Structure formats: C-alpha cells, structure tokens
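Let's take a walk through a protein model together. Keep the picture open and turn it as you read.

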Amino acid sequence: MSSESIPIELGRTPSIFRAPFVMSNNIYCNKVLLRNMIWRDFKVNYYGHFLGYFWSLLEPIALTAIFYVVFVILRGDTDTLLPLKIMIGILLYSSFSKTLSSCTSCLVSNASLIQQVYFPREIFPTAISGFRLLSLCLSILIVFPYMVYENLSLTPYIIFMPISMICLILMAQGFGMLTASIQVRIRDTKQVIDLILRAAFFLSGVFFGAEHIPSENLDTFLMNPVAVFLEMGRVAILGEMNYLETHQIINSIIFSLFVFIIGSIVFVKSERKAVKFL
C-alpha cells in the first residue's frame, strides 16, 4: 500500500485516545487527495471569474473604502485606523464563520461522493479549513498597503496574526466536526449554527474593539476566545497591546486546540455511524 493510499482502521472504531492520531495519520496518508480537494474548492470559487483569485483582495478593498467613507469622511471620526480595525475583524470572523458553517454540512453536502467510494471522511472538514485559511491569507494582504498609507511599522506583535488565523480556523473546524454528525441526523443543525454565528458576530467585537468595552466588563468580554483572536489580529497590525493580557491569549489558544482535539475524537468515532443516515 503506497504512502498516498487510504490507511487502515476500516474495520473498527478507534479508541478515544487513538482517534486524534488516526485522524492525523489518515490526513497524512491522503495528503495528495487533500491538496486536490483544496485546489478544487479554490477553482470552484475563483475559476472563470475575470479577476480570478484577485476577488479575494477586491472584497476587503471595497469594504475598507466603504468604512473609510462612512466612518471617517461622513461621520467625521478622527480615528482613521477604525476602518482598518473593522476590516481585520470582518476578515477574521468571516473565515471563522464560513469554516464552521461549511464543516457542519460537509457530510451532507458530499453525500453522493461518500456513497460511491470510501476514503477517510475527515478529509472533508480539513479541506474546508485548508481552503479557508488559504483564502484568508490572500485577503489579509490588503492590510499591508493600508499600513503603508497610515505609516504603520511592523513590530514583533506581527506574529499574532498567523497565530490568530490558525487558531480561529482550528477552533471552527473543531466545532464543525462536533456538529457534522448531528447535521446528518438533524438537518436543522446548520440553521441553528448559522443563527448562533450571526449572534456571535455582534458579540465578538467585529465592529468594535476592546477599547470600547467598559473596564469593569472587559475581562468578561475577553473570555470569548473569538474576541481575543480578533484583538490579536488588530494588535499584530497596530503594534499596541493595551488591553490584552498574556494569560487571555494563552487560554484562548489552549481552548482552540482543546476544541479541535475533542472535535476530531467525536468525528472519527461517530462518522461511520453517521453516514448511514445520508
């Protein structure tokens, strides 16, 4: 059996402790398939468009221009960095939201493929996460011209940007793998998840930052790991960590990894039974 073939574990469900290792092994052994599925999603979203993948840059450019007109020119806000802060929040949260929503429905939306041939189903949510991370990397590039426009210099805090991006995607995939098996049985699950994501959009500081939260409520607000990762993205660009504390960042990173591990355990142990309902 070649290194690109589908590995073992066909006959029985792995134990709780082995499940994350089985998932990582399956992904590694099917890395070519994973790469092809990520490329497939990329082509589906951008192939045939006149601007191709430059659409991933055009959207944040348009949003930035709109926010600048609304907040700086029309409203007369003296904080010219506000459009940049909002744009970072939208880009990061949008990737989190789309990853979680797509992972929730990944088994149902690929039902015909699952019924035709076997391969490790964890490829589906991983491919979604890989595509969303790639798309986010392309979109976030628009931040750097804005930094030049505002005379912002790179600081050591720039490392927070990839950390926040990766942790948000991992957490979204973890939650998505938890809900994917439920979606197979209860088809209303995705609608519930989308409703929760819309509510979380307004609770996670996409259109406002930690500086707008009263000091007595700041610790409560930063108990939300999504809000912490959005703030980390802003700190990475602005170079000022006035509100975040180290323990809040560490707790959020640990939480995202915990959700991802639990999600992988539940998904690997339940997907074989779940696909019978497709």
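**A tour of the helices**

Of the 278 residues in the protein chain, 49% count as buried, where buried means under 20% relative accessible area, exposed means over 50%, and partly exposed is in between (1.4 Å probe, protein chains only). Before going on, note that this is a predicted model: local features need pLDDT of at least 70, side-chain atom pairs count only at pLDDT 80 or more, and totals for chains, interfaces and linings use all residues. Residues are numbered from 1 along each chain as its sequence is written, and side-chain values use heavy atoms, with hydrogens and water left out.

So what is the chain built from? You'll find 13 helices and zero strands. Helices (H or I, at least four residues) and strands (E, at least two) are DSSP runs, numbered from the N terminus. Now look at the contacts, meaning heavy atoms within 4.5 Å. Among those between residues at least 6 apart in sequence, 77% join residues at least 24 apart.

Is glycine 174 buried or exposed? It counts as buried, because its relative accessibility is 0%. Leaving out residues up to four places away in sequence, glycine 174 touches Val259, Phe260 and Gly263. Glycine 174 and leucine 100 are 74 residues apart in sequence, yet their C-alpha atoms are 8.2 Å apart in space.

Methionine 161 is in helix H9 too. With 6% relative accessibility, methionine 161 counts as buried. Which residues does it meet, apart from its neighbours within four places in sequence? Methionine 161 is in contact with Ile88, Leu92, Ile140, Gly233, Ala236 and Ile237. Its C-alpha atom is also separated by 8.1 Å from that of arginine 234, 73 residues away along the chain.

Lysine 85 is buried, at 15% relative accessible area, while glutamate 211 is partly exposed, at 31%.

Another salt bridge joins lysine 190 and aspartate 194 (3.1 Å, N to O). Both of these residues lie in helix H10, four residues apart, which is about one turn of the helix.

The protein chain exposes about 14,000 Å², and carbon and sulfur atoms supply 68% of it; accessible areas come from the Shrake-Rupley method with a 1.4 Å probe, and for residues only the protein chains shown count as cover. Look for patches here, which are made of residues with over 30% relative accessible area and no salt bridge: like charges are joined within 9 Å, nonpolar side chains (Val, Leu, Ile, Met, Phe, Trp, Tyr) within 5 Å. Ile66, Val69, Val70, Ile73 and Leu74 make a nonpolar surface patch of about 460 Å². Valine 70 belongs to helix H3 (residues 55–74) and counts as partly exposed because its relative accessibility is 38%.

Conventions
A salt bridge is a side-chain nitrogen of Lys or Arg within 4 Å of a carboxyl oxygen of Asp or Glu.
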